[in-house]
Amino acid sequence: MTIPVLDASALSGGTPEQRAEFGAKFLDSLNTYGFVKLVNHTVPVPLVKETFDQIKRFFKLPYSVKIPLRNDPKQGQQRGWSIPGEEKTWWLESNNGEIKEPTFDCGHPDDKKFPNKWPSEADLPGYQDTMDRFFFSCGDLTLELLEVMAQALNLDAKIFTSRCTNEASTIRINHFPPIERSKLDEGKINRIWPHKDFGIISLVFPDVTPGLEYEDRSNPGTFIPMPYGSDDEVVVIVSETMQRWTNGEVRAGLHRVSRPRDCDDEIVPERWSLVYFNKADRHVNVGPLAEFLTGDKKPIYEDLTALEYQTLRNAAHYPG
């Protein structure tokens with residue numbers, strides 16, 4: 001199973017026919033694999049590079065600067081720096097036995113319910129501005145993708161985007177410090193354990209260090225390394241809200257992060273991950289849509305608001 005690489009240039013300058021052709025291929029890949037890779041998409045490559053540069057600067061900040069930005073796991077949405085060992089989606093130990101910095105999360109700049117937590121401009125110049133620009137650029141791309149996906153399903157183009165203004169969408173930064181290869185090979189810890197994302201779709205921008213793997217749906221439980229290519233690639237992952245909306249017709253993609261398969265060194269190099277989680281607006285129902293309950297089809301998921309669903313899923317990731 002090889003993940004297709006699709007040219008997304010039709011999103012910005014294509015004819016309706018070209019957008020429809022792209023949408024059909026996009027939907028087919030998500031249905032077949034749960035994943036697709038895009039090139040010539042609308043998120044500028046220089047902005048992606050700038051964002052990677054900034055997040056690396058953030059994780060080099062002193063502990064005393066980062067600790068006031070600590071995420072509160074009880075608030076239902078991740079914001080700021082998740083301290084070592086806090087999230088249980090994955091558990092990474094460094095080569096001295098300590099758990100290192102896992103994540104930084106931020107959302108819409110105008111979110112008053114769950115405001116972002118930023119280092120001061122003096123501590124990290126331009127960080128907030130870069131993250132805000134990256135947030136909006138990724139948000140624009142996800143909305144374009146949801147529209148062509150809806151059209152490929154022969155539905156109203158706005159059926160998904162009318163339920164998503166990206167008010168609840170988030171950026172996540174994962175930092176994976178160097179680790180002894182033997183620790184990962186023991187199988188007791190992993191960089192990210194197999195999981196599905198909560199939202200509608202996710203954008204994953206690749207790091208130079210591989211490790212992202214996707215489940216082979218023809219052989220469940222078997223994972224295949226995500227191939228890496230050009231700098232302008234982005235991996236799109238279909239997530240649980242889309243699976244719920246479509247009543248299981250479009251299934252979320254199971255994935256994990258492991259050590260690079262070709263790494264024979266004693267120390268696995270550090271890795272960075274830059275992810276945009278496109279999520280339904282918080283008040284929106286994430287139960288099956290009526291369009292997927294035609295005939296005698298019964299709903300296989302309960303009605304919940306997006307915020308209720310997110311809170312339930314967060315409770316599993318941040319126990320106690």
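Over the face of which residue does R244 lie? In this model, which is predicted, R244 lies over the face of Y309, and the distance to the ring centre is 4.5 Å.

From there we can turn to V250, which is found in the loop that runs between helix α7 (240–245) and strand β12 (255–257). Because its relative accessibility is 0%, and buried means under 20%, V250 counts as buried. If we leave aside the neighbours within four places in sequence, the residues in contact with V250 are L27, N31, M149, V238, M242 and Q243.

The next topic is the aromatic rings. A pair of aromatic rings is described by the distance of the centres and the angle of the planes. Across the whole structure, a search finds 14 aromatic pairs, and one of them is formed by F104 and W118, a tilted pair with 6.1 Å from centre to centre and 40 degrees between the planes. F104 lies in strand β4 (residues 103–107), whereas W118 lies in the loop between β4 and α5 (127–152), so the pair ties together parts that are 14 residues apart in sequence. Both F104 and W118 are buried. These two residues also belong to a cluster, in which ring pairs link F58, F59, F104, W118, Y127 and W272.

Methods: Residues are numbered from 1 along each chain as its sequence is written. This is a predicted model: local features need pLDDT of at least 70, side-chain atom pairs count only at pLDDT 80 or more; totals for chains, interfaces and linings use all residues. Side-chain values use heavy atoms; hydrogens and water are left out. Helices (H or I, at least four residues) and strands (E, at least two) are DSSP runs, numbered from the N terminus. Buried means under 20% relative accessible area, exposed over 50%, partly exposed in between (1.4 Å probe, protein chains only). Contact means heavy atoms within 4.5 Å. Rings of Phe, Tyr and Trp (its six-membered ring) pair if their centres lie within 6.5 Å; planes under 30 degrees apart count as stacked, over 60 as edge-to-face and the rest as tilted. A charge sits over a ring if NZ of Lys or CZ of Arg is within 6 Å of the ring centre and within 35 degrees of the ring normal.
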